[in-house]
Amino acid sequence: GYPLIYTGSRDNYLRVISFDGTEPRELWKINGRTDDRKHNDDWDAAPLVLGDYLIEGGENSWFHGIKLNRGYGADGKATVNPALVFRVPGWDQQLISDLGSKDPNRVSLEASVSVSGDTAWLNSSGGLLQGWDISSLRTGQGQVTRTFRWWTGDDSDASVVPDDEGYLFVGVEVDRNNSRAQDVGQLLKIDPRNPDDPVVWSIDVNNGVDSGTWATPIVVGDVVIWNTKPGKVYGVDRATGEILWKLSVQGPVLSSPILVDGVLIQGDGAGTVHAYDLSSPRILPTELWSLTLDANIESTPVMWNGRLYVGSRAGYVYCLGLPS
């Protein structure tokens with residue numbers, strides 16, 4: 001791969017940065033503060049690189065596809081020559097109408113894009129779950145087109161998780177708490193092949209505004225692991241939606257869980273990183289260890305080369321050596 005990172009910021013810019021020298025180099029940036037933005041101008045979501053394309057949703061409510069045209073210069077340093085190949089709205093007039101007086105212009109794309117096959121899956125602050133055919137990036141023919149649309153009713157910061165059977169696991173916050181959101185639920189299994197009635201099962205974890213889930217779930221065999229902002233972690237039967245077990249951590253929980261060699265890692269609002277034995281996912285896990293850092297953990301931990309990396313609200317990134 002190329003010695004490049006792709007990162008958004010609250011200063012309105014999405015950037016490509018090279019780290020192949022003694023100091024990082026900014027190679028390119030794009031401004032989210034556009035005249036046709038619907039909401040904000042930040043870049044909350046993690047960019048996704050597919051081949052030589054970067055795809056990203058912005059808080060300006062637009063979905064972007066960028067051909068990076070990566071290479072190396074005569075000096076051996078990485079180069080990019082980005083070109084915007086598509087830019088499509090992450091909202092439609094029906095969504096604006098359905099939101100009514102409930103902050104109808106807050107329809108930003110804050111959840112990171114997921115891709116399954118040739119379909120990119122998006123969710124938005126307006127609760128618009130969408131599938132976009134991006135096969136043209138692979139074939140060089142045709143246009144990026146929307147192939148699935150369904151309204152959850154409420155905000156979502158969680159990435160959509162497609163499974164190996166073609167279903168989607170979709171998380172919803174309780175923010176507007178309108179009638180649609182109350183009917184739909186917050187932990188959803190969706191069948192996009194049945195667009196008129198796509199809900200396979202849903203779980204209502206609505207405890208009023210600021211409940212629901214901000215986190216991206218993980219699928220472990222026939223169990224889905226999902227947490228909620230108030231601090232519950234659920235093990236859910238993947239096929240039926242039955243709650244198999246739940247455990248409590250300190251809210252607010254905004255950090256998505258990860259699984260490493262049968263161990264569930266979960267950060268919480270008290271700044272504690274928890275590790276649970278998930279060798280039998282259908283059984284209530286037991287805690288193996290925990291470590292309390294200095295502030296709320298909103299970021300999702302990452303495991304690399306036997307070390308766990310996680311950031312906190314205090315502005316620090318930690319590298320943790322796991323117990324042997």
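Visitor: Why is Asn305 called exposed?

Guide: The relative accessible area of Asn305 is 64%. Exposed means over 50% relative accessible area, buried means under 20%, and partly exposed lies in between (1.4 Å probe, protein chains only). Asn305 is therefore exposed. The model is predicted, so local features need pLDDT of at least 70 and side-chain atom pairs pLDDT 80 or more, while totals for chains, interfaces and linings use all residues. Residues are numbered from 1 along each chain as its sequence is written, and side-chain values use heavy atoms, with hydrogens and water left out.

Visitor: Where is Asn305 found?

Guide: Asn305 sits in the loop between strand E26 (302-304) and strand E27 (307-311). Helices (H or I, at least four residues) and strands (E, at least two) are DSSP runs, numbered from the N terminus.

Visitor: What is the phi of Asn305?

Guide: Phi of Asn305 is near 50°, which is positive in a residue other than glycine. Most residues other than glycine have a negative phi.

Visitor: Why is Asn12 called buried?

Guide: Asn12 has a relative accessible area of 16%, which is under 20%, so Asn12 counts as buried. Asn12 lies in the loop between E1 and strand E2 (13-18). Asn12 is not a glycine, yet its phi is positive, at about 90°.

Visitor: How do you know that Ser211 is buried?

Guide: The relative accessibility of Ser211 is 2%, and the limit is under 20%, so Ser211 is buried. Ser211 belongs to the loop between E17 and strand E18 (218-220).

Visitor: Which residues does Ser211 touch?

Guide: Leaving out residues up to four places away in sequence, Ser211 touches Glu173, Val174, Val205, Asn206 and Pro230. Contact means heavy atoms within 4.5 Å. As for Asn178, 33 residues separate it from Ser211 in sequence, and the C-alpha to C-alpha distance is 13 Å.

Visitor: What makes the peptide bond from Gly251 to Pro252 cis?

Guide: The omega of the bond from Gly251 to Pro252 is near 0°, and the bond is cis. Most peptide bonds are trans. Pro252 is in the loop between strand E21 (243-248) and E22.

Visitor: How do you know that strand E15 pairs with E16?

Guide: Two strands pair if DSSP finds at least two bridges between them. Strand E15 (residues 168-171) and E16 have 4 bridges, so they pair, in the antiparallel sense. Phe169 has Lys189 of E16 as its bridge partner. E16 is also joined antiparallel to strand E17 (residues 199-203), again by 4 bridges. There, Leu188 has Ser202 in E17 as its partner.

Visitor: Why are both faces of strand E16 called covered?

Guide: In strand E16 (residues 187-190), Leu187 and Lys189 on one side and Leu188 and Ile190 on the other are all buried. In a regular strand the side chains alternate between the two faces of the sheet.

Visitor: What makes strand E20 mostly covered?

Guide: In strand E20 (residues 232-237), 5 of the 6 residues are buried. E20 pairs antiparallel with strand E19 (residues 223-227) over 5 bridges. The two form a hairpin with 4 residues between them, and Gly231 in that turn has a positive phi of about 115°. E20 also pairs antiparallel with E21 over 5 bridges. This hairpin has 5 residues between its strands, with Gly241 in the turn at a positive phi of about 85°.

Visitor: Why do strand E22 and strand E25 stand at the edges?

Guide: The open sheet has 4 strands in the order E22-E23-E24-E25, paired antiparallel. Strand E22 (258-260) and strand E25 (286-292) each have a single partner strand, so one side of each is left without a neighbour in the sheet. Strand E24 (residues 272-277) is joined to E25 by 6 bridges, and Tyr276 stands opposite Glu287 in E25.

Visitor: Which residues in the largest nonpolar core touch the most other members?

Guide: They are Ile55, Phe63 and Phe86, in a core of 13 residues. A nonpolar core is a set of buried Ala, Val, Leu, Ile, Met, Phe, Trp, Tyr and Cys residues joined through side-chain atoms within 4.5 Å. Strand E5 (53-57), strand E9 (83-89) and strand E11 (119-122) each give two or more residues to this core.
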